[in-house]
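This briefing covers helix packing, an aromatic pair and a pocket. The sequence and structure come first.

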Amino acid sequence: MDYLAHREPGYVSMQQMSRDLKIPRPTLYRLLDGLVDVGMLIRLDGGYHVGPKVLTWASKTLTRPDIVRLARPSLEKLADESALTSALYVRMGSCRVCMDRVEGSGILRHDVRIGESLPLHVGSSGRVLLAWLPAETREELLQASCTEFPQYPLTASAQDFSKVVAQGWALSLGERDEALASLGAPIFSSTGEVTAAISLSGVRQRFTDEKIQAWRELLLQAAAKVSTLLGAGGENTPLRT
């Protein structure tokens, strides 16, 4: 999907696509047919193009309150106070997408582009975006994420997700990149749903127990502030401070 979305419109031969993606042509045919069947791709002018299903997913994010604008000051403050990279993620399908990020002052940085799709089953933000979902839904998304990103093994258990909900934050140490670590916290909507995750990431060696405790407090304060701006904090709305 990413390959086709970032190409100029026009015909791409199956041979070229197979070579570029390093996918055998029989497998590629099956994948493309499946994506067409569910509306994620369409056949047009002899080629494949992104289909209407993707627009349906995107519209759910685009019609939310302007969370990127509301979260930006908190991201900037987090990056400034921690010297780590702060980021905002939302769930789209079985992926998490980086909506915004502010670089910290550290030499080594978490190389993620705004708009990039990442696995849900690894990383603190992915864990946060899954933890508050019903167990059955979470399991389906975990399996879908593992299928889409098979290079990353699943390490989280049901108990891990219960712990995230109980404490209100998540820690990832070298799950997606062994040299990096991250902290994630939920951003709640006015209906009590986790609508996004806010995170801090940096060099794993810097994540000592003392630093984790200090950064966690900064992160939870930022998450609570953005949640409040989105209308969270009512009688039936969880809000971590």
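The model is predicted: local features need pLDDT of at least 70 and side-chain atom pairs pLDDT 80 or more, while totals for chains, interfaces and linings use all residues. Residues are numbered from 1 along each chain as its sequence is written, and side-chain values use heavy atoms, with hydrogens and water left out. Helices (H or I, at least four residues) and strands (E, at least two) are DSSP runs, numbered from the N terminus.

**Helix α2 with α3**

- The angle between α2 and α3 is about 100°, and their axes are 10 Å apart; axes are lines fitted to C-alpha atoms, for helices over the stretch in contact, and angles run from 0 to 180 degrees between N-to-C directions.
- From α2, Met14, Gln15, Met17, Ser18 and Leu21 meet Arg25, Leu28, Tyr29 and Leu32 of α3, where contact means heavy atoms within 4.5 Å.
- This contact of α2 with α3 has six nonpolar, two polar and one charged residue; Ala, Val, Leu, Ile, Met, Phe, Trp, Tyr, Cys and Pro count as nonpolar, Asp, Glu, Lys and Arg as charged, and the others, Gly among them, as polar.

**Helix α5 with α9**

- Helix α5 (residues 67–82) packs with helix α9 (residues 209–229) at about 170°, their axes 9 Å apart, which means that the two are roughly antiparallel.
- On the α5 side the contact uses Leu70, Ala71, Ser74, Leu78, Glu81 and Ser82, and on the α9 side Trp215, Leu218, Leu219, Ala222, Lys225, Val226 and Leu229.
- Nine nonpolar, two polar and two charged residues make up the contact of α5 with α9.

**Helix α6 with α8**

- Helices α6 and α8 (residues 158–167) pack at about 85° with axes 9 Å apart, so α6 is roughly perpendicular to α8.
- Arg127, Val128, Leu130 and Ala131 of α6 contact Phe161, Val164 and Val165 of α8.
- The contact of α6 with α8 contains six nonpolar residues, no polar ones and one charged.

**Aromatic pair**

- Two aromatic pairs are found in the whole structure; rings of Phe, Tyr and Trp (its six-membered ring) pair if their centres lie within 6.5 Å, and planes under 30 degrees apart count as stacked, over 60 as edge-to-face and the rest as tilted.
- Trp132 and Phe188 form an edge-to-face pair, 5.6 Å centre to centre with 85° between the planes.
- Trp132 is in the loop between α6 (124–131) and α7 and Phe188 is in strand β7 (residues 180–188), so the pair ties together parts 56 residues apart in sequence.

**Largest pocket**

- The largest pocket is lined by 38 residues, with Met1, Asp2, Cys95, Ser117 and Glu148 nearest its centre. On a 1 Å grid over the protein atoms alone, a pocket is an open set of points where a 1.4 Å probe fits, with protein on both sides within 12 Å along at least five of seven lines, and lining residues have an atom within 4 Å of a point.
- Helix α3 gives the largest share of this lining, five residues.

Definitions and conventions. Angles under 35 degrees count as roughly parallel, over 145 as roughly antiparallel, 65 to 115 as roughly perpendicular and the rest as oblique.
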